[in-house]
Amino acid sequence: MAQKLLVGTQAPDFALLDAEGTKVSLSDYIGRNVIVYFYPEAATPGCTTEACDFRDNLSSLQSSGYDVLGISPDAPEKLAAFTGDFALTFPLLSDEDHAVALAYGAWGEKLVDGEIVEGLVRSTVVLDREGKVKLTQYQIKAQGHVAALKEELGV
């Protein structure tokens, strides 16, 4: 089970491939607030709801100084299809070995169809301009998550 990140600590850096196969590093975002959200699988109902909510709210998030990065264990090719199918306008990153999810505390036990399994735990970590953890949310629900996050961030 991964350790959850603590508010005020430096977020682990990462470099992952996006839907086009381009390497994206967290360090590319120094100087910006970043919402890093982890989702279990592209194109599933909850993950699609959450991604489309981020897409639909991206303008207001960005105008308030927040960039959005979505991370899942999906391969870049699956992310490309997901991005295209739903006109997603922010980077989706491939964490196939779930190393970043582990580092961020977003990998562990979860309840799926009444059974405890190990996998990606839907989570959101908000980072400040220096890459320090500003807010963490683990075991979240996809429906209504972006609206609640915006409220908590004052956006």
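**Entry 1: a pair of residues in the sheet**

I began with Phe38, which stands opposite Ile71 in strand β4. Before going further I noted for myself that this is a predicted model, and I kept that in mind for each entry below. The strands concerned are β3, residues 33-38, and β4, residues 66-72, and I found that they run parallel and are joined by six bridges.

I then looked at which helices lie against these strands. Helix α1, made of residues 45-63, packs on the sheet and touches β3 and β4, and its direction makes about 160° with that of β4. Helix α4, residues 145-153, also packs on the sheet, where it touches β3, β4, β8 (123-127) and β9, and its direction makes about 150° with that of β9.

**Entry 2: the whole sheet**

Next I traced the sheet from one side to the other, and I wrote down an open sheet of seven strands with mixed pairing, in the order β2-β1-β5-β4-β3-β8-β9. Its edge strands are β2 (23-25) and β9 (133-138), each of which pairs on one side only. Ignoring direction, I noted that neighbouring strands of this sheet are turned by 30° against each other on average.

**Entry 3: the two helices together**

I wanted to know how α1 and α4 meet, and I found that they pack at an angle of about 30°, with their axes 9 Å apart. On the side of α1 the contact is made by Glu50, Asp53, Phe54, Asn57, Ser60 and Leu61, while α4 brings His145, Val146, Leu149 and Lys150. Sorted by kind, the residues of this contact of α1 with α4 are four nonpolar, three polar and three charged.

**Entry 4: His145**

**Entry 5: the nonpolar cores**

I turned to the largest nonpolar core, which has 23 residues, and noted that Phe14, Phe38, Ile71, Tyr104 and Leu127 touch the most other members. Phe38 and Ile71 are the pair from my opening entry, standing opposite each other. The elements that give two or more residues to this core are β3, β4, α3 (99-103), β8 and β9, and β3 gives the most, with three residues. Apart from this core lies another, of 22 residues, which includes Ala19, Ala51, Val126 and Leu135.

I also listed the surroundings of Tyr104, again leaving out residues up to four places away in sequence: Tyr104 touches Gln3, Leu5, Ala11, Pro12, Phe14, Leu26, Phe38, Val125, Leu127 and Tyr138.

**Entry 6: Asp13**

Asp13 has its place in the segment before β1 (15-18). I noted that Asp13 counts as exposed because its relative accessibility is 52%, where the cut-off for exposed is over 50%. Leaving aside neighbours within four places in sequence, Asp13 is in contact with Ser25, Leu26 and Ser27. Its side chain reaches two backbone nitrogens, that of Leu26 at 3.4 Å and that of Ser27 at 3.2 Å. I also checked the separation of Asp13 from Tyr104, which is 91 residues away along the chain, and found 10.0 Å between the C-alpha atoms.

**Entry 7: a hairpin and some positive phi angles**

Which strands form a hairpin with two residues between them? I found that these are β6 and β7, and that Asp113 in the turn has a positive phi of about 50°. Strand β6 covers residues 107-112 and β7 covers residues 115-120, and they pair in the antiparallel sense over six bridges.

Ala87, which is not a glycine, has a positive phi of about 50°, and it lies in the loop between α2 (76-86) and β5 (92-94). Gln139, likewise not a glycine, has a positive phi of about 60°, and its place is in the loop between β9 and α4.

Note on methods
Residues are numbered from 1 along each chain as its sequence is written. This is a predicted model: local features need pLDDT of at least 70, side-chain atom pairs count only at pLDDT 80 or more; totals for chains, interfaces and linings use all residues. Side-chain values use heavy atoms; hydrogens and water are left out. Two strands pair if DSSP finds at least two bridges between them. Helices (H or I, at least four residues) and strands (E, at least two) are DSSP runs, numbered from the N terminus. Axes are lines fitted to C-alpha atoms, for helices over the stretch in contact, and angles run from 0 to 180 degrees between N-to-C directions. Contact means heavy atoms within 4.5 Å. Ala, Val, Leu, Ile, Met, Phe, Trp, Tyr, Cys and Pro count as nonpolar, Asp, Glu, Lys and Arg as charged, and the others, Gly among them, as polar. A nonpolar core is a set of buried Ala, Val, Leu, Ile, Met, Phe, Trp, Tyr and Cys residues joined through side-chain atoms within 4.5 Å. Buried means under 20% relative accessible area, exposed over 50%, partly exposed in between (1.4 Å probe, protein chains only). A polar contact is a pair of N or O atoms within 3.5 Å; within protein, one must be able to donate a hydrogen and the other to accept it, and residues adjacent in sequence count only if both atoms are side-chain atoms.
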